[in-house]
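Me: I would like to learn how to read a few features of a structure, one at a time. Could you take me through them, with the general idea before the particular case?

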Amino acid sequence: MTETPTPEVDEDVLEHLYEVFFGDLGLCGCGSPDEGWKLIHAILTECGKPQWTVESRNALIDSIGPPGVVHLVMSLLDDVLLEHGTSYWSSWLTDKGKWTLWAINTVGLDNLEVKLDEVGYPHDGGDCSAECYRIPAVEAP
Ligand SMILES: [Zn+2]
């Protein structure tokens, strides 16, 4: 059983997911944005694991697509949601990446595109602060 978040929290979270997707990552809303969200969720889930294996990373790579696609996708997320050391495959989550994973898990992947279309950018298009991407204390591990 999952708890239903309050509508105010939901809207704020959705607005900031909108900012991540369309603002920070500069992605497009036409085509299959929901499929893009599923891929982002899969990558963040894998890279957010405290411990990972070559097998689990290889499974992720295979799910992303051919090497050129993998390179573009991982490069897109790098410095925004991911940071990497020697290679993309040892990537870990940035603070915004951790927040984004938490946020997706909070609002759910189902019809995320439709939910985002209902809210738009946060703060009526104004700037965000680091506070905006802080996981609520009650939810933090
Ligand atoms: Zn904000």
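Me: Is Gly-36 buried, exposed or partly exposed, and how would I decide?

Reply: The idea is to count the C-beta atoms around a residue, where 20 or more within 10 Å make it buried and 12 or fewer make it exposed. In this predicted model, Gly-36 has 19 C-beta neighbours inside 10 Å and therefore counts as partly exposed.

Me: Which residues of H2 are buried, and where do they sit around the axis?

Reply: An α-helix has 3.6 residues a turn, so residues three or four places apart point the same way. Here the buried residues of H2 are Ile-40, Ile-43, Leu-44 and Cys-47, and because they cover an arc of only 95 degrees around the axis, they lie on the same side of H2. The elements that cover them include the helices H3 (54-64), H4 (67-77) and H5 (95-107), together with the strands S1 (82-83) and S2 (92-93). As for the helix itself, H2 runs over residues 33-47 and reaches 21 Å from its first C-alpha to its last, which is close to the 21 Å expected for its 15 residues.

Me: Which residues touch the most other members of the largest nonpolar core?

Reply: Within that core of 13 residues, they are Leu-44 and Leu-93, and the elements that give two or more residues to the core are H2, H4 and H5. Leaving aside residues up to four places away in sequence, Leu-44 touches Leu-81, Leu-93, Gly-97, Thr-100 and Leu-101. Another core, of eight residues, lies apart from this one, and among its members are Leu-14, Tyr-18, Phe-21 and Leu-112.

Me: What should I look for in the backbone angles, and where does Asp-79 lie?

Reply: Most residues other than glycine have a negative phi, and most peptide bonds are trans. Asp-79, which is not a glycine, has a positive phi of about 75 degrees, and its place is in the loop between H4 and S1. Asp-79 is exposed, because 12 other C-beta atoms lie within 10 Å.

Me: What is the phi of Asn-111, and is the residue buried or exposed?

Reply: Phi of Asn-111 is near 55 degrees, again a positive value in a residue other than glycine. Asn-111 lies in the loop between H5 and helix H6 (112-119), and with 11 other C-beta atoms within 10 Å it is exposed.

Methods: Residues numbered from 1 in each chain as written. Predicted model: local features only at pLDDT ≥ 70, side-chain atom pairs only at ≥ 80, totals over all residues. Helix = DSSP H or I, 4+ residues; strand = E, 2+ residues; numbered from the N terminus. Expected span 1.5 Å × (residues − 1). Arc of directions from axis to C-beta. Contact = placed C-beta atoms within 7 Å. Core = buried A, V, L, I, M, F, W, Y, C linked by C-beta atoms within 7 Å.
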